[in-house]
Amino acid sequence: MILEGPLQVMASIQDSVGETWDHYVALQQVWEENQGLKRKIQELQGEQNRLLEQAILAMEFQKLSLYQETAPLVTMPARIIGRNVSNWYRAMVIDKGTRDGIRAEMGVITNAGVVGRVVRVNHATSIVLLLSDPNVAITGMIQTSRDEGIIQGTPQGTIQMKYLPPLSPVQVGDAVVTSGLTDDFPRGLHIGKIQQVTKAATDLFQSGDITPIVDFPKLEGVLVITSFQPPNTTESPPSIDTLPAPSGSP
Amino acid sequence: MIILLHIVLCVGTVVAQATISSWLSINSMYPDLCLVLACLAGFLTNEYKGLLMGLTVGLFQDLLSPGGIGLNMILKGLAGSLAGATTHTISTVTVPAVVMVTLVLSLVCGLASLLMAYPALDGAETFHAISRILAPQALYQSVLAAGIFWLTHKIRQSLSVVHFAQGRR
């Protein structure tokens, strides 16, 4: 009876001390654990971001690889490692050079379409001039009407199709593909779509602005065309005797 | 050792130009970091070091650009040399002086590069290139060079104060 009061007081003191210990002093360990977990989360977020980046890059190269396997061309995949070293050229640097068999004037494409042309080759790197640069010109044609013209970049960074025949029925939205008359690109690779057709009254030819199919600033990987079977333009035309006779002729 | 440091600086600048210059671009206008480096080398040292730094960084830039080898080397070498020569013509190289000289050198180098890259430009296209690209770019480069010059000047001053204080002790 005499001891009950002090015991209760002692018990309550013990409880409050224990509670304080558990909730405050022992929390130091929890705080350290919390800091450790935060660090771990940051590490995992960094790792996740790295893996995501690798996955996106792998997907892009997988698309290129699939195209590489199915396209009737011999191509070499290359990664873009730099852009616009000089202000006056629209160019990019790829990680393949003479040691990989790259030569100047080779065409550069993606699974979407034409990118540009190799203009300089170093030992381990090459410089690719984009289609939007005025120093690049390739032959192209309207996919539906088969009218041919010259595709060239402009100083403003757009792409134009020049020297279209005056009577060509070219329309906005028509697809433009390579015509295969030059040695660097085979016939039928997608270049873009006609955005605007212009023909002044005094002009001999029509011209059109092209929206490129390839988004140049977002490119991360490309394919360099190392070999393809160009159309044999040196072959002599068939003689009149070998042509099939028109139906109904005697 | 100093030569190695200069080469590393030149290579680093060209790599930065090829990779991270897009971060510095304003309205699709890229600063020519190599020209800025050549001019700063001239302003902060003398015309000979400016010339050497300009030639080196220009050569590395030529190796990674589609134009002919030698153009950037000559232009950057001249820019570094002329920037260095201004340290003799004016008593103290100030930030406004850096802005003015870099602006003029950027305009001249840019115009030469433009004419070499696109010799067949007509009048309207040339006017467009100068007014929309060349002039704003030259202004941007001159402000960038002045900013780095000011920063370097401040660091040098603080270092010299530390040396002076250590000498007094």
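We will take confidence, then the chain contact, then a helix pair.

Mentor: This model is predicted: local features need pLDDT of at least 70, side-chain atom pairs count only at pLDDT 80 or more, and totals for chains, interfaces and linings use all residues. Residues are numbered from 1 along each chain as its sequence is written, and chains are lettered from A and ligands numbered from 1 in the order in which they are written.

Trainee: What is the mean pLDDT of chain A?

Mentor: pLDDT is the predictor's confidence in each residue, from 0 to 100. For chain A the mean is 83, and 89% of its residues reach 70 or more. Residues 233-240 of chain A stay under 50.

Trainee: How many residues of chain B are in contact with chain A?

Mentor: Contact means that two C-beta atoms, placed from the backbone, lie within 7 Å. Here 24 residues of chain B contact 17 residues of chain A. On the chain B side, helices H1 (2-19), H3 (47-63), H5 (95-117) and H6 (123-168) each give two or more residues. Helices are DSSP runs of H or I, at least four residues, numbered from the N terminus.

Trainee: At what angle do H3(B) and H4(B) pack?

Mentor: Axes are lines fitted to C-alpha atoms over the stretch in contact, and angles run from 0 to 180 degrees between N-to-C directions. H3(B) and H4(B) (residues 71-89) pack at about 160°, with axes 7 Å apart. Angles over 145 degrees count as roughly antiparallel. H3(B) and H4(B) are therefore roughly antiparallel.

Methods: Parallel < 35°, antiparallel > 145°, perpendicular 65-115°, else oblique.
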